[in-house]
Amino acid sequence: MKSFLKKIGLLSIASFSLLSCDMNDNNDQFVNPFPTNGELNALFSDAINSRKQVFTIDPTTVNYITTTQGIELTFTSGAFLLNSAPVTGPVTVEVIEIYNRGDMLVTDKPTVAKLPGNNFEILTSGGELYVNAKQNGQQLTTSGYVLQIPAALTGGIDTDMSVFTGEFLPDGNFFWIPINQWDLAFGNGAAPAYTTFSSNFGWTNIDKFYSNPNPKTNINVIPPVGYTNANSKVFLSIDGDMNSLVNLIGDSLTQTFTFNSYPAFPIGLECHIIFISEEDGIWKYGIKPTTIQANGSYTFSASELSTSTEANLVQIINNLP
């Protein structure tokens, strides 16, 4: 009898162990394979932080800062303020400069302007620049500074350029706003450059509106199953324009991406639609060569996606036509 009960007990333990394994296997099947919003944003933040150039200066003297790519910043004595008063002691100045669509993509700084009436227009950039200053961790303001961007970085002087400042909308998307009160000078000497006076810290962009005579339309991009506007983004690169990158806006209800209600894409435009997300701490992407059709709809599937390091993805985007 004891032997029989012992066998029953062993069978029960074995059955429970098998059931536990089956339950664990089933649970594994329900692990979410898609990234979170935070995981995708971490990639954008890492790209921004890796491009920061840091300078320590004496704010009581005139300061000339030259960036890696040759942008010149000029700060007069007393230009750095705390509570509206000039500061003394070392000041830390941070600078980020962006010129090509690969860097625009991984830093999430596309070239689209937000205009009155909630309309959006495509831009071509003559250089995106971020400037900020702190002292002992405290945020400073400024009475203003001069910035000079070499035109050679974006193909030479274009007198259609003007000045824009960068702003985040409540939904987290980043756009450029025209700053009509900031004059832009066009230097055509031995080293042609765009020169302007900035009255605040943050993002500044030298831009012109993208021009194409064809009739305009809107488009719709459908991401792979499982991807939404919370864990992915969609961009569009215009063939032949290295200094432009368009971001499409994700709709949380339809889970599709579009520009907005205002048609801005020229019919017949040759371009590449770029899907971006994250996987295991690196970039996940898909690229679809496209000729824009009236009210076109474009779908990405999971089989079209690949993974890449940041450096490789920047090169891939910059190598597009």
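**View 1. The lining of the largest pocket holds 11 nonpolar, 10 polar and 4 charged residues.** Here Ala, Val, Leu, Ile, Met, Phe, Trp, Tyr, Cys and Pro count as nonpolar, Asp, Glu, Lys and Arg as charged, and the others, including Gly, as polar. This is a predicted model, in which local features need pLDDT of at least 70 and side-chain atom pairs count only at pLDDT 80 or more, while totals for chains, interfaces and linings use all residues. Residue numbers start from 1 along each chain as its sequence is written, and side-chain values use heavy atoms, with hydrogens and water left out. The volume of the largest pocket is about 460 Å³. Its 25 lining residues include Asn41, Asp108, Gly172, Asn173 and Lys233, which are the closest to the centre. A pocket is an open set of points on a 1 Å grid over the protein atoms alone, where a 1.4 Å probe fits, with protein on both sides within 12 Å along at least five of seven lines; lining residues have an atom within 4 Å of a point. Points are joined across faces, edges and corners, and the volume is the space filled by probe spheres set on them.

**View 2. Helix α2 gives the most to this lining, with 6 residues.** At least two lining residues come from each of α2 (37-50), β19 (233-238) and β20 (246-251). Helices (H or I, at least four residues) and strands (E, at least two) are DSSP runs, numbered from the N terminus.

**View 3. Threonine 67 sits in the loop between β2 (63-66) and β3 (72-75).** Its relative accessibility is 5%, so threonine 67 counts as buried (under 20% relative accessible area; exposed is over 50% and partly exposed in between, with a 1.4 Å probe and protein chains only). Beyond neighbours within four places in sequence, threonine 67 is in contact (heavy atoms within 4.5 Å) with Gln53, Phe55, Val95 and Glu97.

**View 4. Phenylalanine 164 and phenylalanine 209 form an edge-to-face aromatic pair, 5.7 Å centre to centre with 75° between the planes.** Rings of Phe, Tyr and Trp (its six-membered ring) pair if their centres lie within 6.5 Å; planes under 30 degrees apart are stacked, over 60 edge-to-face and the rest tilted. Phenylalanine 164 belongs to β12 (residues 162-168) and phenylalanine 209 to β16 (residues 202-209), so the pair ties together parts 45 residues apart in sequence. Phenylalanine 164 is buried at 0%, whereas phenylalanine 209 is partly exposed at 38%.
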